[in-house]
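Take a moment to look at the sequence and the structure that follow, and keep both at hand while reading.

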Amino acid sequence: MIKRSTKSSTESVLSSPLHRRILLMNGPNLNLLGVREPEIYGHTTLQDIEERLISTAKQHNIEIISIQSNHEGELIDAIQYHGLLADSDDTVDAVIINPAAFTHTSVALRDALSATNKPFIEVHLSNIHSREPFRTHSYFSDKAKGIICGLGHLGYDMALDYFISHYYSA
Ligand code: DQA
């Protein structure tokens, strides 16, 4: 089931006269952050991350649309829905994505992101280059504006800071 943080994003819709929007996407098993292998992924929950980003973004009149799903097709639908299938007023400006295990498997998710033609930053909590060899390949990195990995939950804040200072600062 797709998980959207509707409560907080509704708040920021109302405070967003400029219609600035960033899509925050998290792939499979990231709903378990905080309890899932904390020695690798840390103790911070996805809700903590979402709330922090929503709060920072709100100070810049940016709405964060946050979606986590364990299902590839749902993530693809969400990218289409907030990208090419959105009304021009509703489309997102940029994407922060941790595709999780789909990083290493999903041509379909890569194609969906490419189709939106929006800048995206790929985030991983762990350093995917210091783990099993199969994690070193990403279907996203060559298309990404940048990649942040190994810095834990702070990677998401860094990605947002980048978009704030490079896309939204006057
Ligand atoms: C991850 C790294 C992936 O290899 C893994 O499958 C994940 C999380 C990370 O954030 O470190 O689920 O994307």
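A residue is called buried here if 20 or more other C-beta atoms lie within 10 Å of its own, and exposed if 12 or fewer do. The model is a predicted one, and this count can be applied to its strand β4, which spans residues 94–98. Five of the five residues of β4 are buried, so the strand is largely enclosed by the rest of the structure. In a regular strand the side chains alternate between the two faces of the sheet.

Which strands, then, pair with β4? One is strand β2, residues 20–26, which pairs with β4 in the parallel sense over five bridges, and within this pairing Leu24 has Ile96 as its bridge partner. Another is strand β5, residues 120–124, which runs parallel to β4 and is joined to it by three bridges; here Ile97 stands opposite Glu122.

The path from β4 to β5 includes helix α5, residues 107–116, and together these three elements make a right-handed β-α-β unit. The buried residues of this helix are Leu109, Ala112, Leu113 and Thr116. Seen down the axis of α5, these residues fall within an arc of 95°, so they line one face of the helix.

Ala100 lies in the loop between β4 and α5, and its phi is near 55°, a positive value in a residue other than glycine. Asn117, which follows α5, lies in the loop between α5 and β5, and its phi is also positive, near 60°. Are these two residues buried or exposed? Ala100 is buried, because 20 other C-beta atoms lie within 10 Å, whereas Asn117 counts as exposed, with 8 C-beta neighbours inside 10 Å.

Ala100 also belongs to the surroundings of the ligand, which include Asn98, Ala101, Thr103 and His124 as well. The shell around the ligand divides into four nonpolar residues, five polar ones and one charged.

Notes
Residues are numbered from 1 along each chain as its sequence is written. This is a predicted model: local features need pLDDT of at least 70, side-chain atom pairs count only at pLDDT 80 or more; totals for chains, interfaces and linings use all residues. Helices (H or I, at least four residues) and strands (E, at least two) are DSSP runs, numbered from the N terminus. Two strands pair if DSSP finds at least two bridges between them. A crossover is right-handed if, with the strands pointing away from the viewer, the path from the first strand over the helix to the second runs clockwise. The arc is that of the directions from the helix axis to the C-beta atoms. A residue is near a molecule or strand if its C-beta atom, placed from the backbone, lies within 6 Å of it. Ala, Val, Leu, Ile, Met, Phe, Trp, Tyr, Cys and Pro count as nonpolar, Asp, Glu, Lys and Arg as charged, and the others, Gly among them, as polar.
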